[in-house]
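Work through these exercises with the structure open beside you. Try each task before you read its solution.

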Amino acid sequence: MCGIVCYMGKRNAKEIILEGLKSLEYRGYDSSGISVLVNGKLKTYKKAGKLDELNFLLKNKKLNSNIGIGHIRWATHGKADDINAHPHVSYDGRISVVHNGIIENYSELKKFLKEKGFEFKSSTDTEVVSNLISYFYKDDLLDAVFKSVELLKGSFALGIISNDENRLIAVRNESPLILGIGENEFILSSDVSSIAHLTKNVIYLKNMDIVDIKKNYSIYNNRKKVEREIERIDIELSSPSKEGYDFFMQKEIYEQPDVIRKNIKSYINNFSIDLKNSFSKDEIKNFNKIYIVACGSAYNAGVVSSYVFEKYAKIPVICDIASEFRYKINFLDEKSLVILISQSGETADTLAVLRNAKKYNAKTLAIVNVYGSSIAREADKTLFINAGNEIAVASTKAYSAQILITELFALDFAYKFGKIEKKEIENILKELKSIPEKIEIILNKKSIIEDFSNIIKNKNHIFYLGRGLDYFSAKEGALKLKEISYIHAESFPAGELKHGTIALIEKDTPIVAISTDEKLTDKMVSNVEEVSARGAFVFSICTEKSKKIEEVSNMSFVLPKTIDIFYPIFSVIVEQLLAYYTSKNKGLDVDKPRNLAKSVTVE
Ligand code: M6R
């Protein structure tokens with residue numbers, strides 16, 4: 001979380017840094033700030049709130065400087081205010097630091113520094129870093145950074161400048177940091193998106209790399225000079241535009257038919273699956289355990305896809321949340337396949353699971369959106385979901401693409417595993433080709449969803465119910481609504497409600513009941529009747545075949561016909577639109593909901 005941009009070169013540092021921070025807003029937007037060196041003096045400006053606040057503060061400030069550090073924050077230690085915003089300048093005003101990550105031993109270091117007479121202004125963990133460097137600083141900033149970093153525990157990407165030297169130093173440990181190398185200029189950033197407009201030559205720094213930039217750059221690891229490969233990034237960046245939509249989330253919901261079409265083009269060859277970068281038949285036959293591990297929506301996509309493995313490959317799958325899985329005893333070995341799903345490819349817990357899996361010689365497959373991201377680069381195999389830039393914090397097109405790609409992998413796995421006939425795959429792929437048009441039909445029927453959003457927008461609680469695959473869709477629907485409308489939403493397997501939670505149902509409690517499985521329709525109808533009998537207001541998402549549920553619901557949305565494994569992609573479109581309209585009708589910032597960041601790079 002948080003984003004760093006540091007610059008040293010021939011251009012105006014303030015301009016370059018502010019431009020870079022704009023493309024890192026997805027990493028946090030609680031506060032932001034910059035420090036630049038003007039005639040050997042540190043000038044630091046920081047502001048709580050979105051980046052626009054900082055832009056406004058700096059609007060009429062020229063700041064003639066070619067060296068600076070910038071930061072956009074997602075608060076971990078200390079609330080989001082001007083004081084806790086980065087950069088953090090040492091007590092004596094000599095050192096300025098921006099930091100991404102968490103210094104786990106900051107309280108011991110703070111105590112030590114306080115005993116030495118250092119004073120602290122903020123409640124952050126970062127302020128110990130600038131003070132520690134200042135404590136060690138005699139006449140060589142690099143030496144002071146070496147000594148300080150040796151004492152730090154945790155995850156940290158740091159950008160450091162000092163009053164006393166025309167020099168930019170950066171450190172990378174666990175939190176990503178990329179060095180962009182231009183002609184007589186250098187840029188460091190948490191993400192290539194804020195580098196690509198300056199240069200395409202980059203170095204993905206390794207853990208504990210320390211970059212020292214004066215006229216040229218040197219990289220050290222363990223105090224020894226090291227060489228790192230310069231890689232060419234192959235991305236053309238256009239500034240994201242809403243293209244006439246009110247919010248990025250709305251645009252991204254509407255992009256889903258095209259994302260599916262793009263993936264069909266990339267991975268389907270006539271009527272066979274061609275994943276290009278996947279495991280061979282022999283490798284697949286070696287697996288006896290599959291784990292799918294991810295966070296948030298990516299986890300929900302994983303649960304949906306685990307059904308496909310179990311149904312077609314007849315292999316049990318354990319699907320877990322990365323922050324839990326990383327601390328469990330989980331029997332990983334060389335016969336295990338660990339699938340990591342992540343839009344950003346930078347989620348700290350998911351990355352930790354990947355690294356852990358490799359230690360146990362398990363094979364790893366990443367299903368990722370962002371090219372060049374840590375998870376994409378470190379996994380044994382990577383499949384890209386081709387969703388394009390997802391700007392809104394709430395995942396939409398990446399979620400449906402994650403389901404699709406993981407399902408395709410599961411089908412290919414089942415085929416190589418000898419559990420499914422080619423003909424059956426052909427039939428599934430035939431149906432897949434019709435999915436984009438069917439999503440368009442759903443998108444065109446949005447008015448009923450908007451009507452329901454007006455009914456729930458002032459409610460405090462809502463429940464999402466489903467059985468089987470529909471329960472997994474319910475999980476995603478509840479998450480989507482919570483994160484952008486701030487309405488408490490919970491999902492339940494429909495049969496589970498009466499084991500406790502039904503006590504919460506009262507007159508007009510809204511319920512979303514998802515019922516796409518014909519075999520389970522009667523059960524769902526009974527569950528809806530149970531909540532209706534207690535006064536609930538039911539909006540059902542169903543199909544022509546499960547239409548019975550319409551008769552017991554107050555409102556309903558009938559999905560186009562498809563096969564079981566694609567219904568979650570249809571149901572979620574309705575859920576995404578419901579969350580979108582509810583948030584919009586409440587006058588909230590749909591794209592940047594409070595307290596959230598697009599990419600969660602801390603534990
Ligand atoms: O980048 P990732 O897919 O690894 O992110 C995982 C979650 O943080 C993410 O899906 C989050 O839950 C979204 N805000 C959901 O809309």
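**Exercise 1. Cysteines**

Is Cys295 buried, partly exposed or exposed? Then decide what keeps Cys295 from bonding to its closest cysteine.

*Solution.* Keep in mind that this is a predicted model.

Step 1. Take the accessibility. Cys295 has a relative accessible area of 22%. Buried means under 20%, and exposed means over 50%. Cys295 is therefore partly exposed.

Step 2. Recall the bond. A disulfide is a covalent bond between the sulfur atoms of two cysteines.

Step 3. Check the distance. The closest cysteine sulfur to that of Cys295 belongs to Cys319, 11 Å away. A disulfide needs the two sulfur atoms within 2.5 Å. Cys295 and Cys319 are therefore too far apart for a bond.

Step 4. Cys2 has 6% relative accessibility, so Cys2 counts as buried.

**Exercise 2. The largest nonpolar core**

*Solution.* 

Step 1. Start with the members. The core has 115 residues. Those touching the most other members are Phe309, Ile339, Leu408, Phe409, Phe413 and Leu432.

Step 2. Find the main helix. Helix α13, residues 397-416, supplies the largest share, 12 residues.

Step 3. Follow one member. Beyond its neighbours within four places in sequence, Leu408 contacts Tyr267, Ile268, Ile273, Leu275, Leu429 and Leu432.

**Exercise 3. The second largest pocket**

Describe the volume and lining of the second largest pocket.

*Solution.* 

Step 1. Give the volume. The second largest pocket holds about 690 Å³.

Step 2. Look to the centre. There are 33 lining residues, and Gly296, Ser297, Glu483, Ala597 and Val600 are the closest to the centre.

Step 3. Name the elements. At least two lining residues come from each of α9, β20, α11 and α17. Helix α17 gives the most, with four.

Step 4. Sort the lining. It divides into 14 nonpolar, 12 polar and seven charged residues.

Note on methods:
Residues are numbered from 1 along each chain as its sequence is written. This is a predicted model: local features need pLDDT of at least 70, side-chain atom pairs count only at pLDDT 80 or more; totals for chains, interfaces and linings use all residues. Side-chain values use heavy atoms; hydrogens and water are left out. A nonpolar core is a set of buried Ala, Val, Leu, Ile, Met, Phe, Trp, Tyr and Cys residues joined through side-chain atoms within 4.5 Å. Buried means under 20% relative accessible area, exposed over 50%, partly exposed in between (1.4 Å probe, protein chains only). Contact means heavy atoms within 4.5 Å. On a 1 Å grid over the protein atoms alone, a cavity is a set of points where a 1.4 Å probe fits but cannot get out, and a pocket is an open set with protein on both sides within 12 Å along at least five of seven lines; lining residues have an atom within 4 Å of a point. Grid points are joined across faces, edges and corners, and a volume is the space filled by probe spheres set on the points. Ala, Val, Leu, Ile, Met, Phe, Trp, Tyr, Cys and Pro count as nonpolar, Asp, Glu, Lys and Arg as charged, and the others, Gly among them, as polar.
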